[in-house]
Amino acid sequence: MALLTIQNLSPGYDSHAVLKNLNFTVNTGDYLCILGENGAGKTTLMNTLLQLQAPVSGQILMGDGLKKNEIGYLPQQTVVQKDFPASVWEIVLSGCQGRCGLRPFYGKEEKQLAEENMVRMGITELRNRCYRELSGGQQQRVLLARALCATRKLLLLDEPVSGLDPKVTAEMYELIKKLNDDGITIIMISHDVAAALRYASHVLHVGSFTFFGTRDEYLKSDAGKLFLLDQKGGEKNA
């Protein structure tokens, strides 16, 4: 069943579209990776899917009972965010804000959900630690637990392994795959093309060309093959 149906969507700013007339569907259980060159508009697209900014044109239709406040989001971290002076518990629990409605406090249900997601991410022993004292991998687990407090259906992840060492990167990808196996739909922006294609069920490529389809269809497409060849060439010259 379709969670998101994107129809002729043109995300952008101030009436200027950075991408034009995108059409794709994200079904329950999909693992969609968004690929493309730097500056192609991937983060702008994600912000539009989250309805943090209005599209220049087109529409986003939600299905399967999904509501706007039931989407979990893991953004790219800034230096300021990495230095945030709050406890792990406070940050994870803040992911439940959308569940509180008009209540100005967290109830038993929200606190239990936060506890469950800390266990899920293996961070219960960090509960009282200050967020800014944690390693990069630990911080990402905290933010992922926070995002899970907002949803049981859909997670949007913007470069979730950026800046992490290879071991922690592999662990993070396995965590995300486990969440997908447990029934959570994933939409992820990634520059790590090899990992994206290892885990993804579907690929949306934006930028120099537009493609949407299954991972296997992308790997067989001429445009996909050319992009992957360019990526390998860039890695060799880096």
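Author: Gladly! Let us begin with a rule: strands are DSSP runs of at least two residues, numbered from the N terminus. Please keep in mind that this is a predicted model.

Reader: With that rule in hand, which element gives the most to the lining of the largest pocket?

Author: That is β7, with four residues. The strand spans 71–74, and α3 (88–94) and α5 each supply at least two residues as well.

Reader: What makes a residue part of that lining?

Author: A lining residue has an atom within 4 Å of a pocket point. In this model 21 residues line the largest pocket, and Y73, P75, S94, G95 and R146 lie nearest its centre. The space in the pocket is about 480 Å³.

Reader: Why are α5 and α6 called roughly parallel?

Author: Angles under 35 degrees count as roughly parallel. The axes of α5 (residues 136–148) and α6 (residues 166–181) cross at roughly 15° and come within 10 Å. The two helices are therefore roughly parallel to each other.

Reader: Which residues bring these two helices into contact?

Author: Contact means heavy atoms within 4.5 Å. On the α5 side there are G137, Q140, R141, L144 and L148, and they meet V168, E171, M172, L175, I176 and L179 of α6. The residues of this contact comprise seven nonpolar, two polar and two charged.

Reader: And which hand does the crossing have?

Author: The crossing of α5 past α6 is right-handed.

Terms used:
Residues numbered from 1 in each chain as written. Predicted model: local features only at pLDDT ≥ 70, side-chain atom pairs only at ≥ 80, totals over all residues. Heavy atoms only, no water. Axes fitted to C-alpha atoms, helices over the stretch in contact; angles between N-to-C directions. Parallel < 35°, antiparallel > 145°, perpendicular 65-115°, else oblique. Left-handed = near helix turned anticlockwise from the far one by under 90°. Nonpolar A, V, L, I, M, F, W, Y, C, P; charged D, E, K, R; others polar. 1 Å grid on protein atoms, 1.4 Å probe; cavity = no way out; pocket = protein on both sides within 12 Å on 5 of 7 lines; lining within 4 Å. Points joined across faces, edges and corners; volume = space filled by probe spheres on them.
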